[in-house]
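Dear colleague,

I am handing over the structure that we spoke of, and my notes on it follow below. Please read them alongside the coordinates.

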Protein chains: 2
Amino acid sequence: MAGSDTVIGYKTYVDLAKPLLTGQEVVSSRMTQELDRAAQALDLALSGRRVALVSGGDPGVYAMAAVVYELVKKRNIALGAGKDRLQVEVVPGVPAVTASAALLGAPLSHDFCCISLSDRLTPWEIIADRLTHAAQADFVIALYNPKSRGRDWQYPEALALVGAHRKPETPVGIVSRAMREGQRISLLRLHEAAEAQVDMQTLVIIGNSQTFIFGDRMITPRGYLAKYDK
Amino acid sequence: MAGSDTVIGYKTYVDLAKPLLTGQEVVSSRMTQELDRAAQALDLALSGRRVALVSGGDPGVYAMAAVVYELVKKRNIALGAGKDRLQVEVVPGVPAVTASAALLGAPLSHDFCCISLSDRLTPWEIIADRLTHAAQADFVIALYNPKSRGRDWQYPEALALVGAHRKPETPVGIVSRAMREGQRISLLRLHEAAEAQVDMQTLVIIGNSQTFIFGDRMITPRGYLAKYDK
């Protein structure tokens, strides 16, 4: 951001970035305008400006990096340095899934997967299939976008699909607004997790068959003690 | 680290942290001594010191956070503030999987999973089952720890298991030492990925059925263009 002329992003993220700005032009937009935002960032960059498109978490995880590249490909813009070319750099960040995990304890210490429950761009059949495979293979499962206004049945349905292959007392960690104002953390069991308040700013982590709760922490063992300490 | 008295970790990570230190005591150890290192960190903390145990990437992803908590539970140490209690905080970081993804383009923009190929602590049957389920469910698949000295058949075997459910031309991004000295990036197709040089510092990302290569970037579309732009 320090080296950019223009900072562009969803209003919430631009506001979070403001303390770091040093006079850059700021363009903020509404949540649902991902394509417009990416197109605007591209247009500004092609006009010669250095543009920082900001996301929350890591821009490569369900965020804007791919939207930019999809547009670059559609317009067939050559990447790289030089005239009529575009230099694109993705700066990684701390994704919501590991920020939430850190607050919960250490739930991601074995194989895990991330699944978005938003069926706005992905048919529910594909999402449901992924949930079932992930549950059968005993992955720790992180759910992104569990619920939104007007989309409320996918979250309990996802828990039911996973519950068909995992014990009711499996630990479930739920973190909203990790490391931001309004942060909320709760630790439940799978059979009661459907009752939790969740929204688009919530990350839900369902433990695997080995995950346990100790004190107020959720831990998925790596297995050292089981192996070396019998 | 700034608020700690002692910094402890695997030598490579402690060396990376050195420029940030301001007089802390430093304890470094060998790679394979995870349990000893965690025990030493716990002992120092229980003796009253403020201890920073450093990992590469994110300490919650195949790293030291869970090892510490497993020991805390085994010794039945009460967590929290106060006498004979221990305060444990996990500070999240940029995990190798998203650092590598950023260098490759945007391969993680849809549902993905992380699978470690190390069968030192996990039976190969479980790892193989996860690979097959992940491939069937069309997850983007990130492989941690693909190969080590004395462990060389798991990586080609993993590619073969995924290849049974995914096209030979599926993009595979391979990043070693992401954002560190000696960084190496290559972009191949699934049918040729077994030939790549990989080791314990390498992250391998296998695309899903929609992942494409554009220029020198690997991109998994989120689907906006497909939905809104027909």
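B:W153 counts as partly exposed at 45% relative accessibility, whereas B:W124, at 12%, counts as buried (buried is under 20% relative accessible area, exposed over 50% and partly exposed in between, with a 1.4 Å probe and protein chains only). This is a predicted model, in which local features need pLDDT of at least 70 and side-chain atom pairs count only at pLDDT 80 or more, while totals for chains, interfaces and linings use all residues. Residues are numbered from 1 along each chain as its sequence is written, chains are lettered from A and ligands numbered from 1 in the order in which they are written, and side-chain values use heavy atoms, without hydrogens and water.

Rings of Phe, Tyr and Trp (its six-membered ring) pair if their centres lie within 6.5 Å, and planes under 30 degrees apart count as stacked, over 60 as edge-to-face and the rest as tilted. By this rule there are six aromatic pairs over all chains. One of them joins B:Y10 and B:Y13 edge-to-face, at 5.4 Å centre to centre and 80 degrees between the planes, and both of these residues are buried. B:W124 and B:W153 also make an edge-to-face pair, because their ring centres are 5.1 Å apart and their planes stand at 75 degrees.

Two charges also sit over rings (NZ of Lys or CZ of Arg within 6 Å of the ring centre and within 35 degrees of the ring normal): the charged end of A:K73 is over B:F212, 4.3 Å from the ring centre, and B:R130 lies over the face of A:F139, at 5.9 Å.
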